[in-house]
Amino acid sequence: MSNSALIKSSIAKKYWMALTGLFLCLFLVGHLLGNLQLIFKTGEEGRRAFNEYAYFMGHNIFIKILSYLTYASILFHAVDGILLTIQNRKARPVKYVYSNPGANSSLPSRWMALLGSLILVFIVTHMANFWWKMKISEEIPLHTYYSQTAKDTVYYTLNKKQISVKDIREKGKIEGEKIFYSAKKFNAYLENEINQEINKARNEAEQTGQNINPLDIEKFKTESMEKYSMKEDELIDEGYKDLHTVVMQFFNKDKNPRAIFYLIIYVISMGVLGFHLWHGFASSFQSLGLNHPKYNKLIKKVGQGFAVIVPFLFAIIPILIFINK
Ligand code: HEM
C-alpha cells in the first residue's frame with residue numbers, strides 16, 4: 001500500500017474507532033445506571049426492581065437493537081484497534097525508541113492497545129458469568145418468594161400471579177422464563193389421584209362387604225382421564241429470571257468462596273478501563289474532527305472526569321456487595 005493510502009485507511013480506522021468508542025461510553029452510562037440499583041435498592045424491593053429492569057432490558061425491542069449495536073461496536077472497536085496498531089507498527093520505519101518513548105506518541109496512546117485488550121478479556125469473562133446465564137443457559141432460577149397468602153414459596157410472575165413452586169414441581173415445567181402446566185406431568189398426577197380414589201372406594205367396599213365390578217373401575221378410570229386430562233402443555237405465565245440473586249451471590253463472600261478473587265479482578269479491570277478512557281474519550285473527539293481550540297480543554301476535562309467517575313462507580317458496586325454481606 002502506498003503511504004498516502006496507508007494514511008487514508010488509518011484515518012478511516014481512527015474515525016470508526018472513535019465513533020464506536022463514544023457509543024460504548026453511552027452504553028457504559030446506561031449500564032452503570034442500571035447496575036447502581038443493585039446498591040441503592042435493598043431487600044425484596046431491590047430484588048424485584050432489578051429483576052423487572054433486567055426483564056425489560058431483555059424484552060424491549062429498542063433496547064434489543066441497542067444491545068446488538070453494543071456487541072457489534074465492541075467487536076468492531078477491538079478488531080479496528082488491533083489492525084490500527086499493526087498498521088502503525090508497519091508504517092513506522094524505526095521501532096519504538098524505548099529510550100525516548102515520547103518521541104513517537106504520548107504515553108497513554110501507546111498503552112491503548114494493551115489496555116483495550118485487557119478490557120476485552122474482562123468483557124468476555126464478564127459476559128460469560130452474567131450475560132450467558134441470563135440469555136443463553138437455562139440454569140438461572142426464576143424469582144421466587146415466600147408468600148403468606150399462598151402459604152408456600154411462589155414464583156413471582158409478569159402478571160403478578162402467584163404460582164406455587166410445589167405445584168409446578170408436580171404438574172408443570174419451566175422453559176426459559178415461561179411457566180407451563182405440562183400435559184405429561186399433569187396427566188401422571190391425575191392418574192395417580194384417580195388410582196387413589198379407586199383404592200379408597202375398594203377399601204370402603206371391602207369393609208361393607210360389597211362387590212365392585214372391575215369393568216366399572218376401568219370405565220370410571222377411562223372416563224375420568226378423558227374428561228380431566230390435558231391434551232397439550234398450557235402456558236400459565238412468564239416469571240422473572242433471578243439475575244439479582246446471581247449477581248449478589250457472585251460477590252458474596254459467604255455464598256461464593258471465589259468472591260474475593262472476582263472482586264479483585266473487577267476492581268483492577270475498572271482501573272484499566274479508567275486509564276483507557278482517560279486518553280480515549282478526548283482523543284475520539286479529535287479523530288471525529290470535533291475538536292476546536294476553544295473547547296479542547298473542556299473536552300479533555302470532561303473526558304478525564306468521565307474516566308474517573310464511571311469506573312469508580314462501577315467498582316464501588318461489587319465492593320459494597322462484598323462488604324455488606
Ligand atoms: C462492576 C460492575 C458491573 C456489574 C455488576 C455488571 C453486571 C452485568 C450484568 C448482570 C449483565 C447481564 C445483563 C443481562 O444480560 O440482562 C451485564 C451485561 C453486560 N456487561 Fe456488565 N456489569 C458491570 C460492569 C461492566 C463493565 C465495566 C462493562 C464494560 C467494560 C460491562 C459490559 C457488559 C456488556 C457488554 C454486557 C452485555 C450487555 C447486553 O447484553 O446488552 N459491564 N453486566
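An N or O atom in the side chain of Ser67 sits 2.7 Å from an oxygen atom of the ligand. That is a polar contact, meaning a pair of N or O atoms within 3.5 Å; within protein, one must be able to donate a hydrogen and the other to accept it, and residues adjacent in sequence count only if both atoms are side-chain atoms.

Some ground rules. The model is predicted: local features need pLDDT of at least 70, side-chain atom pairs count only at pLDDT 80 or more, and totals for chains, interfaces and linings use all residues. Residues are numbered from 1 along each chain as its sequence is written, and side-chain values use heavy atoms, with hydrogens and water left out.

Back to the ligand. Asn35 has a side-chain N or O atom 3.3 Å from a nitrogen atom of the ligand. For His31, a polar side-chain atom is 2.8 Å from a ligand nitrogen.

Which protein atoms are donors to the iron atom of the ligand? They are NE2 of His31 and NE2 of His126, at 1.9 to 2.1 Å from the iron. A donor here is an N, O or S atom within 2.8 Å of the metal (3.2 Å for Na, K and Ca); water is not among the atoms, so sites may look incomplete. His31 belongs to helix H1, residues 3-40, and His126 to helix H4, residues 107-136, so the pair ties together parts that lie 95 residues apart in sequence. Helices (H or I, at least four residues) and strands (E, at least two) are DSSP runs, numbered from the N terminus.

Why is the arrangement around the iron called octahedral? The 6 donor atoms subtend angles of 86 to 179° there, which makes it so. The rule is that six donors count as octahedral, and four as square planar, if opposite donors are over 155 degrees apart and all others between 65 and 115; four count as tetrahedral if all angles lie between 85 and 135 degrees, and anything else is irregular.

Are the two histidines buried or exposed? His126 is buried, at 18% relative accessible area, while His31 is partly exposed, at 25%. Buried means under 20% relative accessible area, exposed means over 50%, and partly exposed is in between (1.4 Å probe, protein chains only).

Now the rest of the shell. There are 22 residues around the ligand, and His31, Ser67, Tyr71, His126 and Trp131 come nearest. A residue counts as near if one of its heavy atoms lies within 4 Å. By class, 17 are nonpolar, 4 polar and 1 charged. Nonpolar covers Ala, Val, Leu, Ile, Met, Phe, Trp, Tyr, Cys and Pro; charged covers Asp, Glu, Lys and Arg; the others, Gly among them, are polar.

Which helix gives the largest share of the shell? That is H4, with 8 residues. The helices that each supply at least two residues include H1, H3 (61-91) and H8 (243-250).

H8 has 6 of its 8 residues buried, so this helix is largely enclosed by the rest of the structure. Among the buried ones are Leu243, His244 and Phe250. Trp131 lies in H4 and is partly exposed, at 27%.

Glu238 is buried, at 15%, and its side chain makes a 2.3 Å polar contact with that of Tyr55.

Most residues other than glycine have a negative phi. Lys151, in the loop between strands E1 (144-147) and E2 (152-156), has a phi near 50°. Lys160, in the loop between E2 and strand E3 (162-164), has a phi near 60°. Lys151 is exposed at 62%, and Lys160 is exposed at 53%.

Last, the whole chain. There are 10 helices and 6 strands, and 39% of the 325 residues are buried. The radius of gyration is 30 Å, whereas a compact globule of 325 residues would have one near 20 Å. That radius is taken over C-alpha atoms, and the globule rule is 2.2 Å times the number of residues to the power 0.38. Along the principal axes, the C-alpha atoms fill a box of roughly 110 × 45 × 35 Å.
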